[in-house]
Amino acid sequence: MTFHLLQKSICPTLLLVLFFISTVGAVDDWPQWRGPNRNDQSNETGLLKSWPEGGPTQLWVNKDAGLGYAGFAVVGDRLFTMGLEDDNEFALCLNANTGEEVWRKDIGPRFKNGWGDGPRSTPTVDGEYVYFMSAVGNVACLTTADGTEKWTASMQDFGGKIPKWGYAESPLVDDGRVICTPGGPNTTIVALDKLTGKTVWKSEPIRGTMGDGKKTEPAIAHYSSVLPIEFNNRKQYVQLTVLAVVGLDAETGKTLWQNPFPGRVAVIPSPIFDDGDVYVTAGYGVGSKLISLEDDNQVDETWYTKAMQNHHGSVIKVGDFFYGSSAKAFVCQSEKDGQMMWSDRSIKKGALSYADGLFYHVQERGGEVLLFDATESGKVKVKGSFVLSPQTKRRNPRGMIWVHPVIANGKLYLRDQEFIHCYDIKE
């Protein structure tokens with residue numbers, strides 16, 4: 001293990017407090033894809049409102065995380081992710097405070113791809129278990145303590161076919177179920193018992209026509225992750241596929257509603273839900289739309305526009321506006337009518353998160369990290385920046401820095417392949 005830690009003296013009383021926090025679990029964890037509420041927003045406050053020259057203090061760098069684009073789940077003093085070395089993808093657990101490796105466990109064979117080999121998804125932590133999905137579609141339930149395997153399943157067992165860029169979905173764990181999207185002729189979405197891996201339900205295959213006019217029936221797996229919502233006193237699971245956005249009954253997997261989506265090439269961003277409205281977007285010229293849910297499970301397409309064409313860096317809703325990278329600019333989009341309020345080409349394409357009133361942005365080319373403010377009435381106000389260092393020399397030439405920034409317990413976590421970085425951002 002190679003890592004670097006900036007050591008500081010800590011008084012005995014503070015050590016007791018830190019031990020208590022790590023034992024019971026902190027309130028500002030990031031336990032799954034896109035954070036506590038699957039919206040790329042942290043609940044934390046008291047974070048730095050600006051960064052000094054060169055960026056915030058770097059606490060540690062772990063240099064042995066392996067290849068791939070897997071994101072982070074952080075709970076208490078544990079960080080979970082995945083990596084690739086040799087011919088095996090592995091689950092990885094680090095000490096979130098020091099970067100030291102706690103355990104690793106092989107979970108699947110090597111996935112090969114022209115944009116870079118290795119895993120693509122983010123683990124999900126649920127109590128004493130953590131759930132991983134490898135790029136070939138192997139789902140593994142392991143103990144958080146030491147990585148002991150509880151059960152495994154494969155998306156291919158449900159008729160799923162490995163997508164062109166690998167399975168990139170981050171499994172949802174909700175109400176005793178693990179929800180994931182094998183896609184294919186037999187089913188689109190499945191629910192597995194979180195303790196046994198046994199099938200609870202399988203949805204009907206989603207059918208439709210792709211945006212380029214090519215019929216694809218039924219929907220194959222793409223790269224979006226399921227979002228749980230509550231609407232009209234009923235829990236639903238919302239997923240965006242290449243053919244449609246769909247809402248399923250959480251208990252049975254029955255399709256409650258479906259709305260066409262003109263997907264093409266790769267449909268990646270996860271849905272956003274707020275106050276009865278579902279927002280979806282995709283790149284490759286597709287655009288975005290807002291769907292309003294009705295009490296009788298009917299849906300009304302409020303608007304569709306190409307003002308936002310988010311590829312994969314995520315869109316974040318703040319107030320009545322959506323923010324994210326669209327084509328060659330950073331865009332603010334109105335929820336009311338979908339129109340672009342403004343765009344800023346100085347913010348290059350990258351991955352986005354939000355905490356304590358500010359955006360955290362990692363540029364995919366070059367690895368510049370920005371802290372900035374943005375509102376509907378004005379463009380970006382940068383509050384600090386630095387360039388991620390060190391960066392990998394092992395990345396596929398076509399690959400970039402695509403892992404989303406994670407904010408948890410006063411720290412910022414970033415990744416470029418085998419390098420995982422941790423920064424102190426507490427005010």
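This is a predicted model: local features need pLDDT of at least 70, side-chain atom pairs count only at pLDDT 80 or more; totals for chains, interfaces and linings use all residues.
Which residue forms a salt bridge with Asp-274?

**View 1. Asp-274 and Lys-317 form a salt bridge.** The partner of Asp-274 is Lys-317, and the closest N and O atoms of the two side chains are 2.8 Å apart. Asp-274 has a relative accessible area of 34%, so it is classed as partly exposed. Lys-317 is buried, because its relative accessible area is 13% and buried means under 20%.

**View 2. Lys-49 and Asp-356 meet in a salt bridge.** The N to O distance in this pair is 3.1 Å. Here too, distant parts of the chain are linked: the two residues are 307 residues apart. Lys-49 sits in the loop between α1 (12-24) and β2 (57-62). Asp-356 sits in the loop between β27 (350-355) and β28 (358-363). Lys-49 counts as partly exposed because its relative accessibility is 39%. Asp-356, with a relative accessibility of 18%, counts as buried.

**View 3. Arg-395 forms a salt bridge with Asp-416.** The closest N and O atoms of this pair are 2.7 Å apart. The pair links distant parts of the chain, and its members are 21 residues apart. Arg-395 belongs to the loop between β30 (378-387) and β31 (406-408), whereas Asp-416 belongs to strand β32 (residues 411-416). Arg-395 is partly exposed, with a relative accessible area of 22%. The relative accessibility of Asp-416 is 1%, so this residue counts as buried.

**View 4. Five residues are joined into one network of salt bridges.** The members are Asp-174, Asp-175, Arg-177, Lys-235 and Glu-251. They are joined through salt bridges that share partners. In total, the structure holds 17 salt bridges.

**View 5. A patch of negative charge lies on the surface.** Glu-294, Asp-295, Asp-296 and Asp-300 gather in this patch. One of them, Glu-294, is found in the loop between β21 (287-293) and β22 (299-305). Is Glu-294 buried or partly exposed? Its relative accessibility is 35%, so Glu-294 counts as partly exposed.

Key
Residues are numbered from 1 along each chain as its sequence is written. Side-chain values use heavy atoms; hydrogens and water are left out. Patches are made of residues with over 30% relative accessible area and no salt bridge: like charges are joined within 9 Å, nonpolar side chains (Val, Leu, Ile, Met, Phe, Trp, Tyr) within 5 Å. Accessible areas come from the Shrake-Rupley method with a 1.4 Å probe; for residues, only the protein chains shown count as cover. A salt bridge is a side-chain nitrogen of Lys or Arg within 4 Å of a carboxyl oxygen of Asp or Glu. Lys and Arg count as positive and Asp and Glu as negative; His and the chain ends are not counted. The place of a charge is taken as NZ of Lys, CZ of Arg, CG of Asp or CD of Glu. Helices (H or I, at least four residues) and strands (E, at least two) are DSSP runs, numbered from the N terminus. Buried means under 20% relative accessible area, exposed over 50%, partly exposed in between (1.4 Å probe, protein chains only).
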